[in-house]
Amino acid sequence: MTELKCRKKDNLDANKEEEERKHEPAVQKTKPVKTEEDEVSNGRNGADKQQKDEGEVKKEDAQHKEDTSKTPESTVQRSSNSSAGFLQRLVRVFFGSLAAVACGMLYAAYLSAYHDRKFWFSTRQELEREITFQGGSGLYYYYYKQMLTATPFDRGFYELMQDNRTVAGQTLNAVERFSLYPELITSFIYRFTGSEEFVEPIYFYIGAVFGLQAVYVTALFVCSWVMSGTWVAGMLAVAWYVINRPDTTKVDYAIPLRDNWALPYFSCQVAALTGFLTNNISSATELFCYLTMSATTFTFLLVWEHSHYVLFLQGLCLFLLDAFDLLPSRKMAEIHMVYVSALLLAFFLQFKNATLLSSPLVSLLIGTLVARNYQQKMKTGPFLSRVMKLFVYFHLVFTTGITFSYLVKKCVQGEESDFFLKFLEVKFGLNTTTDFITNFLLCQESFQAPGQDLFLRLTQASVLPFYLLVLTVCLLSTLQTIYRRLSGQPMKTNLRLEDGRIGEQPEVIYHVFHTLLFGGLALLFDGMKYLWTPYVCMFTAFGVCSPDLWMTVFRWLKLKSIHPVVLSLILSTAVPTIIGFSLWREYCPRVLADLSEVQEFYDPDTVELVSWIKSQAPAAAVFAGSPQLLGTVKLCSGSAVTSLPLYTDINLLRRTEDTYQVYAMRSAEDIYKILTSHKTNYVIIEESTCNELSLNKGCRIKDLLDISNGHVVYDKGEVYSFSKHGRFCQEIKMNYSPYTNYFTRVFWNRSYHVYKVNSVISFQY
């Protein structure tokens with residue numbers, strides 16, 4: 001009985017090897033040779049079996065000779081097919097790249113024309129042009145102008161590092177504090193390329209920003225193209241981006257803001273990361289994506305003070321991919337190297353900025369690196385075991401990261417982190433406070449929840465309904481993939497369209513996590529929509545143009561009446577075509593109308609104020625006022641100020657609170673002491689702030705000051721302001737003592753009143 005089992009096993013092995021020889025390539029020139037196992041098996045089976053095997057070998061040799069005779073023809077055919085395929089891919093890449101560059105250039109030209117039409121920029125004087133930089137963003141352009149006049153250039157750079165002419169009574173490193181590398185690089189290029197002979201400095205500056213916006217939309221185009229496989233998705237992504245411009249960019253009204261310099265680099269980094277995560281790419285393409293990702297990550301960290309928070313959110317998405325074993329460990333280790341090298345370079349170029357050391361991104365990297373030694377052991381076992389190990393892994397990573405962050409903050413001893421935690425407590429309703437700065441920031445539009453008009457605009461542009469469809473399909477497919485991985489099933493790297501598994505593509509999984517995380521924050525903070533909405537446009541365009549998404553739906557529905565592959569290819573072409581034509585018909589006239597409508601932005605009162613400061617005020621004078629106005633004053637006159645529109649610096653925010661006391665119910669003596677402590681010579685009172693009328697009374701500057709100063713009385717659910725002193729900004733206009741003892745009005749118009757802070761107090765009754 002044992003002998004029969006052995007013979008049966010040997011026969012099966014012999015048959016298996018014969019089947020393998022039959023499927024060998026025809027180009028093999030050596031004859032099939034019997035192995036020792038075949039000979040032993042044949043010896044055991046007897047003479048009849050041996051004759052049968054010899055007959056099969058002869059038949060196999062004849063077939064092999066026939067295939068060999070056809071080898072040259074098949075080789076030539078394969079060569080011609082590969083050449084045709086390569087040529088087809090080359091043509092597709094050429095026209096796709098041409099379309100991407102064309103979209104970027106057209107968008108930059110549109111921005112330039114719209115900006116000139118809105119502000120009548122080309123017909124304005126230099127002072128009026130500078131005032132168009134709204135929201136306090138003009139401060140950055142001031143440093144650009146300063147570097148253009150610095151002689152030599154390195155001397156100007158040194159003066160920025162030891163700046164004592166911006167904030168009165170303080171010497172600060174302006175390059176580190178305000179992230180001025182964009183202005184340094186732009187001014188250097190302008191000076192040393194001889195551009196002053198061809199273009200004005202202000203046009204060169206805004207042209208650089210508009211050029212980066214072209215790079216922004218081009219990167220979105222490429223990202224959608226890489227994921228879907230068709231550049232039609234890129235064109236649809238750009239169309240949605242332009243249509244939803246009020247919710248995708250701030251470049252329309254505040255050109256010099258750091259966001260407008262930094263987000264194009266982040267878009268390029270996401271596009272490079274998308275290509276790097278893609279399966280089955282060549283080593284050259286992977287190297288190119290890796291180098292691009294490294295350069296753009298470093299630049300992004302260098303030009304924006306909030307960039308490490310954005311990269312932390314991106315790192316969380318990648319951490320989830322790695323934890324669920326959806327990404328090769330090699331690629332994850334290389335991405336960590338990109339983060340670490342970029343952080344180190346940015347740390348030294350930002351003059352050893354301690355904020356980077358205590359950033360959540362560094363804590364996440366430390367926790368991941370420490371827990372990596374135990375990660376491989378946690379990716380084995382049955383489903384429940386792996387889930388429990390996954391929770392342990394999460395706990396280990398975040399516990400290590402939080403511990404490291406706590407130790408660093410204890411060593412650095414910065415109050416920014418403590419303030420940030422208190423701010424989040426109040427934001428999420430876990431605590432209440434009367435602190436002016438906390439309530440002031442919560443009342444800023446960027447930190448408030450978005451209104452319904454955002455989602456209404458996205459729905460009218462047809463992007464939100466399709467986004468929800470694409471997100472639902474990709475999310476469900478991703479959850480299926482995660483379940484299969486936790487159950488021990490391997491991921492398929494060579495996916496075919498027939499498989500209908502869009503959730504097994506690492507780049508798609510990353511973008512699902514990306515849009516969910518950023519979308520959740522956009523529901524809490526309106527300012528996050530500028531990071532979320534552009535990728536909503538890109539992700540939606542990818543989905544409707546991807547045959548894999550439609551094939552995934554048809555696989556779930558088990559469609560049999562029509563071939564699902566054919567139908568998915570038809571829908572991936574028909575749906576974006578219909579969307580494109582509808583957008584063209586409805587929104588193209590609106591976009592062009594923005595260029596034809598006469599829009600005039602002119603602020604004569606501010607022009608008059610700045611002209612008076614430049615002509616009448618001493619060069620060494622120090623001005624106090626609202627941060628946004630002081631940014632304009634600094635840009636246009638160069639005078640020192642008491643505060644600046646920078647909401648990431650606690651010291652500047654405290655100085656802002658002191659300056660805003662002119663709108664509180666404080667005595668003239670109190671205001672005089674506060675202003676003189678900051679070496680103020682002139683204080684500017686704005687009518688719009690002093691007599692502000694708003695439905696949201698709790699967010700008016702004077703209301704926040706009354707709450708902070710304890711000048712509030714609660715009676716039967718109503719809130720009333722009460723103090724033994726009148727409101728300073730209103731009382732000082734009466735020109736009676738004791739206000740005239742401390743202050744003298746030197747300029748006024750409909751919007752502004754300027755008072756000189758008397759150096760010698762005159763007691764007049």
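Guide: Welcome! In this predicted model, local features need pLDDT of at least 70 and side-chain atom pairs count only at pLDDT 80 or more, while totals for chains, interfaces and linings use all residues. Residues are numbered from 1 along each chain as its sequence is written, and side-chain values use heavy atoms, leaving out hydrogens and water.

Visitor: How many salt bridges does the count come to?

Guide: Side chains of opposite charge can pair when their charged atoms come close. A salt bridge here is a side-chain nitrogen of Lys or Arg within 4 Å of a carboxyl oxygen of Asp or Glu. By this rule, the count comes to 28.

Visitor: Asp594 and Arg245 meet in a salt bridge, but how many residues apart in sequence are the parts tied together?

Guide: The N to O distance of this pair is 4.0 Å. Helices are DSSP runs (H or I, at least four residues), numbered from the N terminus. Asp594 lies in helix α26 (residues 564-596) and Arg245 in the loop between α11 (231-243) and α12 (258-277), so the parts tied together are 349 residues apart.

Visitor: Is Arg245 buried or exposed?

Guide: Buried means under 20% relative accessible area, exposed over 50%, and partly exposed in between (1.4 Å probe, protein chains only). Asp594, with 21%, is partly exposed. Arg245 has a relative accessible area of 6%, so Arg245 is buried.

Visitor: In which helix do Arg654 and Glu657 lie?

Guide: These two form a salt bridge, with the closest N and O atoms 3.7 Å apart. Arg654 and Glu657 are three residues apart, and therefore separated by about one helical turn, in helix α29.

Methods
Helices (H or I, at least four residues) and strands (E, at least two) are DSSP runs, numbered from the N terminus.
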